[in-house]
Amino acid sequence: MNRRSFIKQAAVASAAVANTAIWAGKAQADQSARAYTGHKQAGYYWLKIGEYDVAALSDGTLNSNGRILNGQPGQVEKLLEESHAPTPRVTSVNSFLILMGERRILVDAGTGQLLGPTLDKLPTSLESAGFAAEQITDILLTHIHADHSGGLTAGGKRVFPNATVHVNDVEADFWLSPVNQDKATDKRKWSFVQADKALAPYVSAGKVSRFKGGNMVLPGISSINAPGHTPGHTFFALESRGEKLVFFGDTVHVGEVQFPSPELAIEYDIDPDGAVEQRRKAFAEASEEGYLVAGAHISFPGIGHVAKAATGYRWIPIPYVNDSHA
């Protein structure tokens, strides 16, 4: 896809993010989605990958009517019904913490206050897991959409004052370009404006590190180019002692639909065809090699295996384990 097409489709995606995310305060979810509201939920889940501790951290959930593209008539509705998915759909927003020696590494930074009252829970989840924002040393962004970067700043200040933000060169060039922002229509500039707001304090402080996709970002963590959802959408692979966890970013938005039918894109994808290609490739490799994957919008904690099914693939969440000695 050429740069002009990316910019045009980015504008569409920007509007989708701004206009189609619907949270509980603005939409009536059915009884199955509302059964647990009003009570606090656990916001973190620990597991071990080789020598490293990893925690899934919940930033909350939102109810989304994001439109699934290129399906056959009735296909999406049937898959959602078979999965007992509520209407509107409930979508997790997950970040992940990696403890690696003296490093405290976040993969994605949540929404902040940008997408409604059921979100912005990452700081509380992090604190509940035993860590303060000041202890985070590195933040790896899978991409710069607001639900992944919005939590970087609050009131124009860095939420993670000691952290370096690592972002793919292509992604940063796209979203932080004044030219791209100027070419977007006024009502579709939102994602560009929010990207700049999220990263500007870190840029000013010299706390943004750009990397070339496909290279090692930190010792033990490599980056994998996965463009489509956004131009510089990136996976991160954590490997230790023969174990592997790949952070999928936004490869999956609606698991009930996209695992059995990976050919189905969502309107948030800047390049839907590219996103489908990356999803097919990612599912095939994960099911073949058997490593764990972590998804930003797969139902919390969003960590599990991808397995081949008679039609498409299926999601196998990790079993719940509570083996703390404390």
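Predicted model: local features only at pLDDT ≥ 70, side-chain atom pairs only at ≥ 80, totals over all residues.
## Helix α10

Helix α10 covers residues 272-289. Its buried residues are Gly274, Ala275, Val276, Gln278, Arg279, Ala282, Phe283 and Ala286. An α-helix has 3.6 residues a turn, so residues three or four places apart point the same way. After the helix comes glycine 290, whose phi is positive, near 80°.

Glutamine 278 belongs to this helix. Its relative accessibility is 14%, and because buried means under 20%, glutamine 278 counts as buried. In sequence, glutamine 278 and threonine 251 are separated by 27 residues, while their C-alpha atoms lie 7.6 Å apart in space.

## The negative surface patch

Which residues form the negative surface patch? The patch consists of Glu239, Glu285, Glu288 and Glu289. Helix α10 supplies the largest share of the patch, namely three residues.

Glutamate 285 is located in helix α10. With a relative accessibility of 31%, glutamate 285 is classed as partly exposed. The helix therefore carries both buried residues, including Ala282 and Ala286, and a partly exposed glutamate 285.

## Salt bridges

How many salt bridges does a search of the whole structure find? The search finds six. Side chains of opposite charge can pair when their charged atoms come close.

One of the pairs joins the side chains of lysine 48 and aspartate 53, with an N to O distance of 3.2 Å. Lysine 48 is partly exposed, because its relative accessibility is 46%. Aspartate 53 is likewise partly exposed, at 29% relative accessibility.

Arginine 103 and aspartate 138 form a salt bridge in which the closest N and O atoms are 2.8 Å apart. This pair links distant parts of the chain, since arginine 103 is in strand β5 (residues 103-107) and aspartate 138 is in strand β6 (residues 138-140), 35 residues apart.

Arginine 210 is partly exposed, with a relative accessible area of 40%, and aspartate 169 is buried, with a relative accessible area of 16%. Both residues belong to a network of salt bridges that links Asp169, Asp173, Arg210 and Lys212.

Proline 88 is situated in the loop between α3 (75-82) and β4 (89-100).

Another cis peptide bond joins phenylalanine 300 and proline 301, where omega is about 10°. Proline 301 is placed in the loop between β15 (292-295) and β16 (303-308).

Histidine 84 has a phi near 55°, a positive value in a residue other than glycine. Histidine 84 occupies the loop between α3 and β4, which is also the location of proline 88. The relative accessible area of histidine 84 is 69%, so this residue is exposed.

Arginine 241 also has a positive phi, about 50°, although it is not a glycine. Its place is the loop between β13 (234-240) and β14 (243-249). Arginine 241 is exposed, because its relative accessible area is 68% and the exposed class begins over 50%.

Definitions and conventions
Residues numbered from 1 in each chain as written. Heavy atoms only, no water. Patch = residues over 30% accessible without salt bridge, like charges linked within 9 Å, V, L, I, M, F, W, Y side chains within 5 Å. Areas by Shrake-Rupley, 256 points an atom, 1.4 Å probe, with all protein chains shown as cover. Salt bridge = Lys/Arg side-chain N within 4 Å of Asp/Glu carboxyl O. Lys, Arg positive; Asp, Glu negative; His and termini not counted. Charge placed at Lys NZ, Arg CZ, Asp CG, Glu CD. Helix = DSSP H or I, 4+ residues; strand = E, 2+ residues; numbered from the N terminus. Buried < 20%, exposed > 50% of the residue type's maximum accessible area, 1.4 Å probe, protein only.
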